[in-house]
Amino acid sequence: MMRWLRFLEGERVKYGLESDGVVTPVKGSPFNSYQRETKSYALEDLMLLSPCEPSKVLCVGLNYRDHAQEVKIELPDKPVIFMKPSTSVVGSCQDIVCPPISRRVDYEAELAVVIRKTAKNIARQDAHQFVLGYTCGNDVTARDLQPKDGQWTISKSFDTFCPLGPVIDTDANPDNLMVRLLLNGEVKQQANTNQMIFSPLDLVSYLSAVMTLHPGDVILTGTPSGIGPIRPGDQVTVEIDGIGSLVNPVVEG
C-alpha cells in the first residue's frame, strides 16, 4: 500500500509517502519517476497541501440513489457532469471561505479519483491502470446560487470550494468504501460507495471518451444524501475508511 501526500518543506513543495504517521519525502512525484529520500518527518509536524494539483476537477451530480431521491430528481441514465476550476482546490486543514454573495454554503462529502497518467478513450476494463488512487473530497456549493443561473459553474467554483486530502491511497477499493461527513463532530452524511449509480472506474472510462485526462486530474464521484449548510466557525470533516480524514475550518469571506 502506498499513501501519497504533498506538503511544505520550508518554502519548497514536496511529495512524500506516509506510513503509520511517518512521512518519507521523495525527489520527483507519483506521476513520473521518483526516489525516496533518507530523511523522514512526523505527519503531525507537517503543513499539508492538497495531495495533487489537478488541471481540472470533474464532478458527478446525482450519483447516489438516495441523494437523487433527496432532491426529487429522477435517476440519470448517464453521468451528470460539471467542473470545478483548479483555483477551488485546497488541502486538509485549510480554510473553506464563505463568499459574501451567498447566504447558504453546503458541504458534499465525496470519494475523489486521482488520475495517474494521460488517459483518452479508455475502456472500462483498462481504467484502473490510469488511476493513481483515491482521496477524500468536499464539493462545497453555494446552494442559493445554484438554481439562479440554470447551471452549476458559479455555485461550485469559488476559491476554496474543493478541499482534497489528506492522502492519496493507491490500494483503496473504490467500490466498497464508507464515506462520512461530520459537521462539528456530528455525522451528517454516511453511505457506502457500492450505492453509486456509476462506479468510479465507469466514470474514468466515460470521461476519457470526452476529454483527455491528465496526471493529477481529479474526478469527484458524487455525494450521498444528507447535504446541508455550513457557517463560519464550523469544522467540516470528510472521512473515508482506509483513506483518512479531510478536515477544514469554515471562515467568513
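Biologist: How many helices and strands does the protein chain have?

Modeller: This is a predicted model, in which local features need pLDDT of at least 70 and side-chain atom pairs count only at pLDDT 80 or more, while totals for chains, interfaces and linings use all residues. Residues are numbered from 1 along each chain as its sequence is written, and side-chain values use heavy atoms, with hydrogens and water left out. Helices (H or I, at least four residues) and strands (E, at least two) are DSSP runs, numbered from the N terminus. On that basis, the protein chain has three helices and 21 strands.

Biologist: What radius of gyration does the protein chain have, and why does it agree with that of a compact globule?

Modeller: The radius is taken over C-alpha atoms, and the globule rule is 2.2 Å times the number of residues to the power 0.38. Because the chain has 253 residues, a compact globule would have a radius near 18 Å, and this agrees with the value for the protein chain, 17 Å.

Biologist: What percentage of the residues of the protein chain count as buried?

Modeller: Buried means under 20% relative accessible area, exposed over 50%, and partly exposed in between (1.4 Å probe, protein chains only). Of the 253 residues, the share that counts as buried is 55%.

Biologist: Which residues touch the most other members of the largest nonpolar core?

Modeller: A nonpolar core is a set of buried Ala, Val, Leu, Ile, Met, Phe, Trp, Tyr and Cys residues joined through side-chain atoms within 4.5 Å. The largest has 51 residues, and those touching the most other members are Tyr-134, Val-204, Leu-213, Ile-219, Ile-230, Ile-240 and Ile-243. Apart from it lies another core, of 18 residues, among them Tyr-15, Phe-31, Phe-82 and Ala-112.

Biologist: Where is Asp-20, and is Asp-20 buried or exposed?

Modeller: Asp-20 lies in the loop between strand 2 (12–19) and strand 3 (22–28). Although not a glycine, Asp-20 has a positive phi of about 55 degrees. Most residues other than glycine have a negative phi. Because its relative accessibility is 76%, Asp-20 counts as exposed.

Biologist: Where is Cys-93, and what is its phi?

Modeller: The loop between strand 9 (89–90) and strand 10 (96–98) holds Cys-93. With 59% relative accessibility, Cys-93 counts as exposed. Cys-93 is not a glycine, yet its phi is positive, about 75 degrees.

Biologist: Which residues does a cis peptide bond join?

Modeller: Most peptide bonds are trans. Strand 15 (residues 162–169) contains Pro-166. With omega about 0 degrees, the cis bond joins Gly-165 and Pro-166.
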